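Dear colleague,

Please find below the structure that I am handing over to you. My notes on it follow directly after.

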Amino acid sequence: MSTDNDSSDSGGHCSTADSDGEVAEEIAIISFSRKMETAEEIKAELADRYEKIDIIEYHGEVFDDHWGEYDCFIGLMASGIAMRKTAHLLDDKWDDPAICVVDEALTWAIPITGGHHGANQVAQDLATMGAIPAMTTASEAAGKQGVEARAKAMDSHVVNGRSTIQTNLAVLDDNLGPIARLDGPQAVLVGDDVTVLKRNKDDGVVIGTGSVSGASAESFIAAWETALAETEYGFEDVDFVATATRKEDEEGLLEAAEELDLGVVAFDKETLLEHEGPTPSRSKELIGWPGVSEASAIAGGREQDLLLEKIGYENEVTVAIGR
């Protein structure tokens, strides 16, 4: 049994990085016949996040028959089965498809190969159905945002995948600074330990946001809607939400971004000071940080320019729109 889904990911926000650093678009769910109902549920939940999702009925040679056709396999089966049936096919982590297994009860989603190249993100997508992502890659296990996750959050993809070995080690050691932006036409020469990201589209906007501590997800969403209504853009045009590192763990912000399927990028103090906006902010006087919403919107924008200066919502959330 094989069924196709040709829906495209309009915003690109849930696409994953495959082994070549491109956007992972094609997923295969490998399922035993008795688990087809669950497979259909998974497909329906993830349908708008990938260009194509096929459901393929399991048989002994199923991975052999379809190896190389998909960016990631979702194995609706025991991890041992997937491991035994793919071990002889594994050749190069940069070229092999990613594999994530999930049980029929959707309790655990376990990336077993290609965690940074699609499987981790599939596991996170399955978490929207209640599965617990069991990610063991070093950066995720340490609670840190790896380079591939940063690329996804910024609606971009990794061009030179092998470089992420070094840059993710720097993430673990807290030695990787903010992602530098280079607008062309220019030529750039980089070494093997420099990861190059390329935007998936060129005309999106960035929501820069700050808040009081404990602001609700509803307040963030309402504030962002209010700000976007002042422009010609909607949520489908947003590349990502930008904020400060001191706000990156705000529960309401993260919940709002997740509900809207947007990535979150946090900029450090030095970066925000370099991109300070025009509206005066008391935080600069009190704690030395510039106004978060304008500075992060400018820092995150492709043109590093403000489309909408800071506006406030209910004395809880501030928003600016960058481009």
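This is a predicted model: local features need pLDDT of at least 70, side-chain atom pairs count only at pLDDT 80 or more; totals for chains, interfaces and linings use all residues.

Searching the whole structure gives 3 salt bridges.

Lys52 pairs with Asp54, with 3.9 Å between the closest N and O atoms. Asp54 has a relative accessible area of 3%, and because buried means under 20%, Asp54 counts as buried.

A salt bridge also joins Glu250 to Lys247, where the closest N and O atoms are 3.8 Å apart. Both Glu250 and Lys247 are buried.

In the salt bridge between Arg323 and Asp305, the closest N and O atoms lie 3.4 Å apart. This pair links distant parts of the chain, 18 residues apart: Arg323 belongs to the segment after strand 16 (317-322), and Asp305 to the loop between helix 12 (292-300) and strand 15 (306-313). Arg323 is partly exposed at 33% relative accessibility, and Asp305 is partly exposed with a relative accessible area of 32%.

Turning to the sheet, 5 strands make up an open sheet with mixed pairing, in the order 14-13-12-16-15. Strand 14 (264-267) and strand 15 are the edge strands, each pairing on one side only. From one strand to the next, the twist averages 25°.

Within this sheet, strand 12 (residues 205-211) and strand 16 are paired in the antiparallel sense over 6 bridges. Ser211 has Val317 of strand 16 as its bridge partner. Helix 12 lies across strands 12, 13 (238-244), 14, 15 and 16, and runs at about 155° to strand 12.

With kind regards

Technical notes
Residues are numbered from 1 along each chain as its sequence is written. Side-chain values use heavy atoms; hydrogens and water are left out. A salt bridge is a side-chain nitrogen of Lys or Arg within 4 Å of a carboxyl oxygen of Asp or Glu. Buried means under 20% relative accessible area, exposed over 50%, partly exposed in between (1.4 Å probe, protein chains only). Helices (H or I, at least four residues) and strands (E, at least two) are DSSP runs, numbered from the N terminus. Two strands pair if DSSP finds at least two bridges between them. Axes are lines fitted to C-alpha atoms, for helices over the stretch in contact, and angles run from 0 to 180 degrees between N-to-C directions. Contact means heavy atoms within 4.5 Å.
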